[in-house]
Amino acid sequence: MFMWSLFICLHEVALYILSFFGSMTLRLFLFFLSEMRLPNGALSTSKSKFDDKIESSSAKMYFHYYGQLLHQQNMLQDYVRTGTYYAAVIENRADFAGRVVVDVGAGSGILSLFAAQAGAKHVYAVEASEMTEYARKLIEGNPSLGQRITVIKGKVEEVQLPEKADIMISEPMGTLLVNERMLESYVIARDRFLVPNGKMFPTIGRIHMAPFSDEYLFVEIANKALFWQQENYYGVDLTPLHGQAFQGYFSQPVVDAFDPRLLVAPAMHHVIDFTQVKEEDLFEIDIPLKFVASVGTRVHGLACWFDVLFNGSTVQRWLTTAPGAPTTHWYQLRCVLSQPLYVMAGQEITGHLHMIAHSAQSYTIYLTLSTKMWGPGAEQGGVFQSSACKVDLKEPYYRMSQPQPYPLVQDQQPHQLIQPQDINIQSDILQSEDLEDRELLRQQTLS
């Protein structure tokens, strides 16, 4: 009761200040007042938009993960990521000098410090995890920059800032750009904190996609389920579960860095303009696919990667996670079909990449790829082959840290390929015939 009476009295004082000192003083006073109610951006007791759509257990694990220095170090040591951000900021000093900046999901505070180096008037570093304490210590340890940085603990959906920002900076990208659903928080922060026509670093993102052929990967995943083909496992027949195990392994998206020569068609891309996209546009993303095969081969799935653009006034700079480029901590992602498709050079491949957000801060991906009739009279024909898979972006198979070596072009003549329908009845053959190739690959990988 005492606190409520105090709150009412402070509002009366606010009206008194308004009559004598004007709106600017009032605005700062009300910010002070809000910080009394929510100290340093602490969470409100009422549910926010974030709480409404994200499971509390997922959020707790998410903020716990990013609240640890070892994970921040992993990102800081991604020199492609950190170096590109630094260059994008410093090369575009004109966008930061004398400007108010908001760092969304500030983490260690490194981007806030970059903005201060570029001459920002003031930076508000908003971070919801316990990393705020480390960020404060790091910023205090750099006093010439830190005096222009305020660290605020809380979610961007909940905290209040004393003024609007001229420019926002953030690293909201996850695997396949959208994983972790932080892009939605980036957009919410834009609507809450950014002045009209203010700048956003990054400005746009692109998801790139192309079909790929990788016999090694396909066999590797298929062979994981061979355990369930044992008919006498301590006297128990495991084969009734083989089908579900087989499909289960193919439901994991593969995160690794692969050789771009595995792509069988030129890539296409889907653009997300962070300055224009609405939060609800990110709840469901449907991308029509259309490719023309460059070679005749077996298509094992869809490879994906992303890049983002920092559209500075002075320099435009891209951060890419493309295969063949220096590897980042995002790597690339591949959705693998349990039933591959055959294509001829020049044949059209169509389909859909349909991503639906879920409450565990990720997406369920539904992929369909189809090939059309080929040869004389094909224009009267329809779909010849079709294959589909469902994968959970939150449950990836982290395969390896660097691209597999492919010193020779893979011989993909049909007589040497493993038919998916044959795996159930030819497991012993697969293991023996593939042993030499797999051992050679393993040695090359370790060398």
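Is aspartate 166 buried, partly exposed or exposed? With a relative accessibility of 27%, aspartate 166 counts as partly exposed; buried here means under 20% relative accessible area, exposed means over 50%, and partly exposed lies in between (1.4 Å probe, protein chains only).

The model is predicted: local features need pLDDT of at least 70, side-chain atom pairs count only at pLDDT 80 or more, and totals for chains, interfaces and linings use all residues. Residues are numbered from 1 along each chain as its sequence is written, and side-chain values use heavy atoms, with hydrogens and water left out.

1. Aspartate 166. This residue belongs to strand 4, residues 165-170. Helices (H or I, at least four residues) and strands (E, at least two) are DSSP runs, numbered from the N terminus. Setting aside neighbours within four places in sequence, aspartate 166 is in contact (heavy atoms within 4.5 Å) with Arg99, Val100, Leu194, Val195, Gly198 and Lys199.

2. Asparagine 197. In strand 5 sits asparagine 197, whose phi is positive, about 65 degrees, although the residue is not a glycine. Most residues other than glycine have a negative phi, and most peptide bonds are trans. Asparagine 197 is exposed, its relative accessible area being 80%.

3. Proline 202. The peptide bond that leads from phenylalanine 201 to proline 202 is cis, with omega near 5 degrees. Proline 202 is placed in the loop between strand 5 (194-201) and strand 6 (204-212).

4. The loop between strands 11 and 12. Tyrosine 331 is found in this loop, between strand 11 (316-320) and strand 12 (332-343). Its phi is near 55 degrees, a positive value in a residue other than glycine, and at 21% relative accessibility tyrosine 331 counts as partly exposed. Threonine 328 lies in the loop between strand 11 and strand 12 as well, but is buried, with a relative accessible area of 4%. Not counting residues up to four places away in sequence, threonine 328 touches Asp78, Val80, Thr320 and Thr321.

5. Cysteines. The structure holds zero disulfides, a disulfide being a pair of cysteine sulfur atoms within 2.5 Å. Cysteine 304 is in no disulfide, and the nearest cysteine sulfur, that of cysteine 335, is 5.3 Å away. For cysteine 335, the closest cysteine sulfur is in cysteine 389, at 5.3 Å, too far for a bond. Cysteine 304 is buried at a relative accessible area of 1%, and cysteine 335 is buried at 0%.

6. Aromatic pairs. Rings of Phe, Tyr and Trp (its six-membered ring) pair if their centres lie within 6.5 Å; planes under 30 degrees apart count as stacked, over 60 as edge-to-face and the rest as tilted. By this rule the count is eleven aromatic pairs. In one of these, tyrosine 86 and phenylalanine 114 have ring centres 5.0 Å apart and planes at 75 degrees, so the pair is edge-to-face. The pair links distant parts of the chain, since tyrosine 86 is in helix 6 (residues 79-90) and phenylalanine 114 is in helix 8 (residues 110-117), 28 residues apart. Tyrosine 86 is partly exposed, with a relative accessible area of 36%, whereas phenylalanine 114 counts as buried at 7% relative accessibility.

7. A pair within helix 13. The rings of phenylalanine 246 and phenylalanine 250 have centres 4.9 Å apart and planes at 50 degrees, so this pair is tilted. The two residues are four apart in helix 13 and are therefore separated by about one helical turn. Phenylalanine 246 is buried, with a relative accessible area of 9%, and phenylalanine 250 is buried too, with 3%.

8. Aromatic cluster. Tyr85, Phe96, Phe201 and Phe310 form one aromatic cluster.

9. Surface patch. Phe227, Tyr233, Tyr234 and Val236 form a nonpolar patch on the surface, with about 450 Å² of accessible area together. Accessible areas come from the Shrake-Rupley method with a 1.4 Å probe, and for residues only the protein chains shown count as cover. Valine 236 is in the loop between helix 12 (215-224) and helix 13 (242-250), and counts as partly exposed at 44% relative accessibility.

Note on methods. Patch = residues over 30% accessible without salt bridge, like charges linked within 9 Å, V, L, I, M, F, W, Y side chains within 5 Å. Salt bridge = Lys/Arg side-chain N within 4 Å of Asp/Glu carboxyl O.
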